[in-house]
Every structure is written in structure tokens, then in C-alpha cells.
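Good morning, and thank you for making time for this presentation.

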Amino acid sequence: MRQTTLAFDVYGTLIDTQGIAATLEGWIGERAPVLARAWREKQLEYTFRRGLMGAYADFDTCTEQALRYCCQALDIELDPEQEVELLQRYRQLPAFTDAAPALDRLRADGYRLFAFSNGTAETVSGLLRHAGLEDRFEGVVSVDEIGCFKPDPRVYRHFLQRANVLPADAWLISGNPFDVIGAQAAGMRTAWLDRSAQRLFDPWGGAPTTTIRGLGGLAAALSDSRGKDG
């Protein structure tokens, strides 16, 4: 039997990007969640825009530039020391509480696990190490290796090549609908992690292979899909 390979998105799937709000709260009070959300949205917007322009800059650069833009747009002033500290804290975000036990279960079930991210390999490895997740993965595959961002089709082909796996034997697990749609277009199977049970999936005419509400439900969803395949 061919071994199934799981590609885990990192930011927003394994790692809680809104965890930065705890640091912000001490500086800007109740506006912390607003800045945290805007920062994440602008960060992703910058990756999309750079991808369309063919003007790649790594994810850390997009993150820093997005922070500066959002602070200006929201009229929030951080001093230089706070900005440096905030960017450092972004490299130390917490894991979602269901990540470690779910990954342990999946490894025990015989799946190959990879972290697959817009972040650089160095940053993602450090992030996973700080969150206590790094040793669960066979490797980290970064878009930085080819200089383009998700959901560019080249990114998913790169993952499949690096993991040495056929699309039919690979799953993308992500909390980001654009990432799920991109992986599906590359022939991969997909699990959309909809933690809030309130977000909308883009109406592009295709649904994820499966939808889960937490990582704890992934093993059962994968088993169910394998059973349907006969």
C-alpha cells in the first residue's frame, strides 16, 4: 500500500496567528485584536500582490511591511523597540492546543507529515521548534525555495516533488480556503480546517475533500476517505 503524505499549512492551521494579540494588548489595549486581524489580512494580501507582480520578497519581509502599513492605517504608533519585539514574537507564536496530539496520532497511524508554508524554512523551523512541534515532521517545505507564494500552482508541484509523492497520495491540510483551492487545482486531496464553523468557503464550484472543525478530527476523516476509496 502506498503511504499517504500530509502537507500541513503552518500559519493559521498549526500555529495561532492571533496569539500575537496578547503582546499587543499590553501596549494598545482593546485595539489589539483589530490590529492582529488587520496585520494578518494585509500580510496575505502582500503575498498575493507580489505573486501577481512577479516581485517576490520573503514572508518575513511581507510580515514586516504589513505591520507598518496597518499601524499607519489604524493610527497606532509603536516605537522602534516595540516593533522589533513584536516581529520577534511573531516568530514565537503558540500552537493551537489540538496540534500536538493530532500530529502524534497521525504519525502513529503511519502517515508522512510535512510542514508546508509561505514562511522561510528557517523561520518556520524555529516557529515549530518554539511551539514544540518540529520533531513531528519529516521535513519543512517552503515556498522560498522557488520564490513564489501559495496558491501559485508551482508551489504545490514543488511540494509534490520535494516529498516525492503523487498528487493522489498527498493531502493538503489548511485553514485557508485559497490554499485548499490551490492544492485541489494541483490534484491533491484537501482537508479544510474550519475552526470557527462560521467562515465561508469560496464558491468556485468545488468543495474540499473533507471539512474538519479541529485537527483532532483529521485522523477519522482520513480513515473515512480511505474507506470510501475501497
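**The sheet and the helices around it**

Phe8 stands opposite Ile173 in strand E4. The model is a predicted one, in which local features need pLDDT of at least 70 and side-chain atom pairs count only at pLDDT 80 or more, whereas totals for chains, interfaces and linings use all residues. Residues are numbered from 1 along each chain as its sequence is written, and side-chain values use heavy atoms, with hydrogens and water left out.

A word on names: helices (H or I, at least four residues) and strands (E, at least two) are DSSP runs, numbered from the N terminus.

Let me stay with strand E1, residues 5-8.

Which strands pair with E1? E1 is joined to E4, residues 170-174, by four bridges, and the two run parallel. E1 also pairs with E2, residues 112-117, in the parallel sense over four bridges, and here Thr5 stands opposite Arg112. Two strands are said to pair if DSSP finds at least two bridges between them. E2 in turn runs parallel to E3, again with four bridges, and Phe114 stands opposite Gly139 in E3.

Taken together, the order is E3-E2-E1-E4-E5-E6, an open sheet of six strands with parallel pairing. Which strands stand at the edges? They are E3 (139-142) and E6 (210-212); each has a single partner strand, so one side of each is left without a neighbour in the sheet. On average, neighbouring strands are turned by 25° against each other, direction ignored. For this and the later angles, axes are lines fitted to C-alpha atoms, for helices over the stretch in contact, and angles run from 0 to 180 degrees between N-to-C directions.

Helix H8, residues 177-185, lies across E4 and E5 (189-193), running at about 170° to E5.

Next, please find Asn118, in the loop between E2 and helix H6 (121-130). Is Asn118 buried or exposed? With a relative accessible area of 6%, Asn118 is buried. Leaving aside residues up to four places away in sequence, Asn118 touches Thr47, Phe59, Val143, Phe149 and Lys150, where contact means heavy atoms within 4.5 Å.

Helix H1 (residues 21-28) packs against helix H4 (residues 80-89) at an angle of about 160°, with the axes 10 Å apart. H1 and H4 are therefore roughly antiparallel; angles under 35 degrees count as roughly parallel, over 145 as roughly antiparallel, 65 to 115 as roughly perpendicular and the rest as oblique. Thr23, Leu24 and Trp27 of H1 meet Gln82, Glu85, Leu86 and Arg89 of H4.

Helix H3 (residues 59-73) packs against H4 at about 135°, with the axes 11 Å apart. That makes H3 oblique to H4. The residues in contact are Thr63, Glu64, Leu67 and Arg68 of H3 with Glu83, Leu86 and Leu87 of H4.

Definitions and conventions
Buried < 20%, exposed > 50% of the residue type's maximum accessible area, 1.4 Å probe, protein only.
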